[in-house]
Amino acid sequence: KIRLYVKGKIVNYKRSKCNTHHKTSLLEIEGVESKEEVPFYLGKKVAYVYKAHTKKAGPNGPTKFRCVWGKITRAHGSGGTVRASFRKSLPAKALGAKCRVMLYPSSI
């Protein structure tokens, strides 16, 4: 089965000691262990897919699945963690959850 994304994990919001920035989240991407491997993923789209309680209109009829889109903006530290800014703030239940790092748009 071919997939157009790499698995990722939402670790936390961007934060300091006192403030949290909910629009920017920290992600760990599967297979990325250092800051040198990050530039390939800069600008790639990120999708947090979750299941809601009520159905809403979708492209193939009503669906319970929803999606929040974001974009990888820069590295965070030297361990391969990245920052991603999302269009809408991620809910708190997204922390620790899986996300999809799409392999587009391509810069190659």
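**View 1. Arg15 and Thr20 at the β1-β2 pairing.** In this predicted model, Arg15 has Thr20 of β2 as its bridge partner. The two strands concerned are β1, residues 5–15, and β2, residues 20–29. They run antiparallel and are joined by seven bridges. Together β1 and β2 make a hairpin, with four residues between them. Strands of a sheet pair through backbone hydrogen bonds, in either a parallel or an antiparallel sense.

**View 2. Leu26 and Arg83 where β2 meets β5.** Leu26 stands opposite Arg83, a residue of β5. Five bridges link β2 and β5. The pairing is again antiparallel. Strand β5 covers residues 81–86.

**View 3. The closed barrel.** Six strands close into a barrel in the order β1-β2-β5-β4-β3-β6. Their pairing is antiparallel. From one strand to the next, the twist averages 45°.

View 4. Ser25 lies in strand β2. Is Ser25 buried or exposed? Its relative accessibility is 0%, so Ser25 counts as buried. Which residues does Ser25 touch, leaving aside those up to four places away in sequence? The contacts include Ile10, Asn12, Tyr13 and Lys14. Val82, Arg83, Ala84, Phe86 and Leu90 are also touched by Ser25. In a regular strand, side chains alternate between the two faces of the sheet.

**View 5. The largest nonpolar core.** This core holds 20 residues. Which of them touch the most other members? They are Ile10, Leu27, Ile29, Tyr41, Val46, Ile72 and Leu90. Two or more core residues come from each of β1, β2, β3 (45–56), β4 (63–76), β5 (81–86) and β6 (98–102). In soluble globular proteins, nonpolar side chains tend to be buried together.

**View 6. Ile29 and its contacts.** Ile29 is among the core residues that touch the most other members. Setting aside residues up to four places away in sequence, Ile29 touches Val6, Lys7 and Gly8, among others. Its contacts also include Tyr41, Ile72, Val82 and Val101.

**View 7. Cysteines without a disulfide.** A search of the whole structure finds zero disulfides. Cys99 has 4% relative accessibility, so Cys99 counts as buried. Cys18, by contrast, counts as exposed, because its relative accessibility is 71%.

**View 8. The whole chain, for context.** The protein has zero helices and six strands. Along the sequence, the pattern is β-β-β-β-β-β. The radius of gyration is 14 Å, close to the 13 Å that the globule rule gives for 108 residues, so the protein is as compact as a globular protein of that length. The C-alpha trace spans about 45 × 40 × 20 Å along its principal axes. Buried residues account for 31% of the 108 residues. Among contacts with a separation of 6 or more, 60% join residues 24 or more positions apart.

Definitions and conventions. Residues are numbered from 1 along each chain as its sequence is written. This is a predicted model: local features need pLDDT of at least 70, side-chain atom pairs count only at pLDDT 80 or more; totals for chains, interfaces and linings use all residues. Side-chain values use heavy atoms; hydrogens and water are left out. Two strands pair if DSSP finds at least two bridges between them. Axes are lines fitted to C-alpha atoms, for helices over the stretch in contact, and angles run from 0 to 180 degrees between N-to-C directions. Buried means under 20% relative accessible area, exposed over 50%, partly exposed in between (1.4 Å probe, protein chains only). Contact means heavy atoms within 4.5 Å. A disulfide is a pair of cysteine sulfur atoms within 2.5 Å. A nonpolar core is a set of buried Ala, Val, Leu, Ile, Met, Phe, Trp, Tyr and Cys residues joined through side-chain atoms within 4.5 Å. The radius of gyration is taken over C-alpha atoms; the globule rule is 2.2 Å times the number of residues to the power 0.38.
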